[in-house]
Structure formats: C-alpha cells, structure tokens
Amino acid sequence: MSDQPRPLTTLDVVAMKRAGRKIVSLTAYDALMARMLDASGVDLILVGDSVNQVVAGRPTTLSATLDQMIYHARAVQGAVHRALVVVDLPFLSYQVTPEEAIRNAGRVLQETDAAAVKLEGGVTMGPTIRALVDRGIPVMGHVGLTPQSVHALGGYRVQGRDEGAAARLMADARAVEEAGAFSVVLELVPSPLAARVTKELAIPTVGIGAGAGCDGQVLVLPDMLGMNPAFTPKFLKRYADLDGTIRSAVSAYADDVRAGRYPGAEHGFE
C-alpha cells in the first residue's frame, strides 16, 4: 500500500465545519512551495489570481489569464498529495455567460487535475455557480471584497460596514450556498458580520481579513512569509522575514563570488 495520505475532497472540507475543525488554507503558485505546504498539513491550497500581482508584478488581478492560471495550477497539483487544490477563475473567464464559465472551468479541471474552481460574486453569480455544480464542477465562492471588482468598489476596502451593505453581503453568501458551492471566502468583512455569516451557513467560510469567527483562514503565502514588506494590511500576520533572509543570503553569495571565496576547492570536480 502507498504511504501517501488520502487526498482531501470537497466533502471532507464541508465535514470539517461540522466537526468544528478549523480549515488551514494558503496560496501557492509553484511546485516547490506547494510541496512544502502539503507536507506541513495545509488543508486547502488556493492557486489564486493573486499570482498576477505577487509573481507577475501587475497592479491588480484583472489581467490574469486562463492560460496563466492553468500553468500555475498544473505545477501546484503535481506536487500535492493530500491538500485540496482550488483554482481561481480569472476575470472575464466566467462572468460573460454560464456556458463560457462551464467551458473555462472544465478546461481548468481537465488540464490541471485540480479539485475545484473559485469565482467571485454572490447573488448575480448564483446561476453560474449552479450551472457549474450541475455539471460536476465543484465551486468555492468569494464574497465581501472581491478583487476582480476593485475599481467598482473604489479600492481594497472593508465591505459590509453599514446595515444595508451587511444585508447585501449576507444575501450574497446565502446565494452562493444555495447555488451549490461547497465553501465561500469572506474577504475584508467586519468580524461580527463574518461570524454571523459563518453561523448561518451550512457550508464552511474561509476568511481573509474577516476575523476569527470563520471556519478557516487563508493568506497569500508570500505575504505571510514576509517576502513583501511594503504590504502591511491590518489583517496580515507575518510568520517569517524571508525578505531579509533572502537579501542577506544573496549579499553573502555576491561577496563570496567577488572575493574569490566561492566556489572553493570543495565545490569543484577533478
């Protein structure tokens, strides 16, 4: 028998909520990081369209492409044995028509072997989520701050602060659940509202900037590892300072090369 753990499924993620077990999620965009996250016990790996910012250096997620997401998702899935891999559908790959969403989401699963896709939006995207789920494509929802709508929202701002906005966010979350999504991301949502959404939904909530009341948490991996020191949102906790570590290592390497200390005799071949 194989010593590899059984891959998690969407049903396992839903069962984690019922069992009161918190869901641990991080983003990954390459095989090296995905392998480390999987070995460290991360439950859900999100191949986020945030790759367009943290890897490709673009100002928003909006110019991410389907081919780009498939490339990174294939690399991640190939390195993972246990974690559930979910792939973001990029801007305009699912909003135009449900038929186009089916075609593009199906292509993601077919070409990457990932388990599910994620899309942004609530009430307006309900029919699209239902169309995908009815065709066997698991969907993770995303409400609150939806980065693909950053221009319409006026920037990266907390959503649901007033009574009307809170009611709309609750309606969006319910619509995602009713359409058949297996979970939903709550981004930049006041903690009390996120806790209320979490209590009312049967599907798990995964928060980012939404407080401790969610069923799980997700962070962008390079942010959590301290690789982007200029990014300092209130919700972010850095668990390492890789920016400093990497700069120090590269400086030491450069010094050794320039001084003739590297490579040494022990690094050569006879």
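**Close-up 1. Contact between helices H4 and H5.** In this predicted model, Leu 66, Asp 67, Ile 70, Ala 73, Arg 74 and Gln 77 of H4 meet Asn 104, Arg 107, Val 108, Glu 111 and Thr 112 of H5, where contact means heavy atoms within 4.5 Å, and where helices (H or I, at least four residues) and strands (E, at least two) are DSSP runs numbered from the N terminus. Sorted by class, the contact of H4 with H5 has 4 nonpolar, 3 polar and 4 charged residues, with Ala, Val, Leu, Ile, Met, Phe, Trp, Tyr, Cys and Pro counted as nonpolar, Asp, Glu, Lys and Arg as charged, and the others, Gly among them, as polar. H4 (residues 66-77) packs on H5 at an angle of about 30°, and their axes are 9 Å apart; axes are lines fitted to C-alpha atoms, for helices over the stretch in contact, and angles run from 0 to 180 degrees between N-to-C directions. H4 passes H5 in a right-handed crossing, a crossing being right-handed if the near helix is turned clockwise from the far one by less than a right angle, and left-handed if anticlockwise. Residues are numbered from 1 along each chain as its sequence is written, and side-chain values use heavy atoms, with hydrogens and water left out. Because the model is predicted, local features need pLDDT of at least 70 and side-chain atom pairs count only at pLDDT 80 or more, whereas totals for chains, interfaces and linings use all residues.

**Close-up 2. Contact between helices H5 and H6.** H5 (residues 98-112) and H6 (residues 126-134) pack at an angle of about 45°, with their axes 9 Å apart. That angle makes H5 oblique to H6, given that angles under 35 degrees count as roughly parallel, over 145 as roughly antiparallel, 65 to 115 as roughly perpendicular and the rest as oblique. H5 passes H6 in a right-handed crossing, and the contact is made by Pro 98, Ala 101, Ile 102 and Ala 105 of H5 with Thr 128, Ala 131 and Leu 132 of H6. The residues of this contact comprise 6 nonpolar, 1 polar and no charged.

Close-up 3. The buried residues of H5 are Ala 101, Ile 102, Asn 104, Ala 105, Val 108, Leu 109 and Thr 112, where buried means under 20% relative accessible area, exposed over 50% and partly exposed in between (1.4 Å probe, protein chains only). Their cover includes H4, E3, strand E4 (116-118) and H6. In the loop between H5 and E4 lies Asp 113, which has a positive phi of about 70° although it is not a glycine, and which is exposed, with a relative accessible area of 62%.

Close-up 4. The 16 residues of H8 (residues 163-178) should span 22 Å at 1.5 Å a residue, which agrees with the 22 Å between its end C-alpha atoms; the expected span is 1.5 Å times one less than the number of residues. Ala 165, Ala 166, Leu 169, Met 170, Ala 173, Ala 175 and Val 176 are buried in H8, and the buried residues of this helix pack against H6, strand E5 (139-144), strand E6 (183-187) and helix H9 (191-200).

Close-up 5. Most residues other than glycine have a negative phi, and most peptide bonds are trans. Leu 92, in the loop between E3 and H5, has a positive phi near 70° and counts as partly exposed at 47% relative accessibility. The peptide bond from Tyr 262 to Pro 263 is cis, with omega near 0°, and Pro 263 is found in the segment after helix H11 (242-259).
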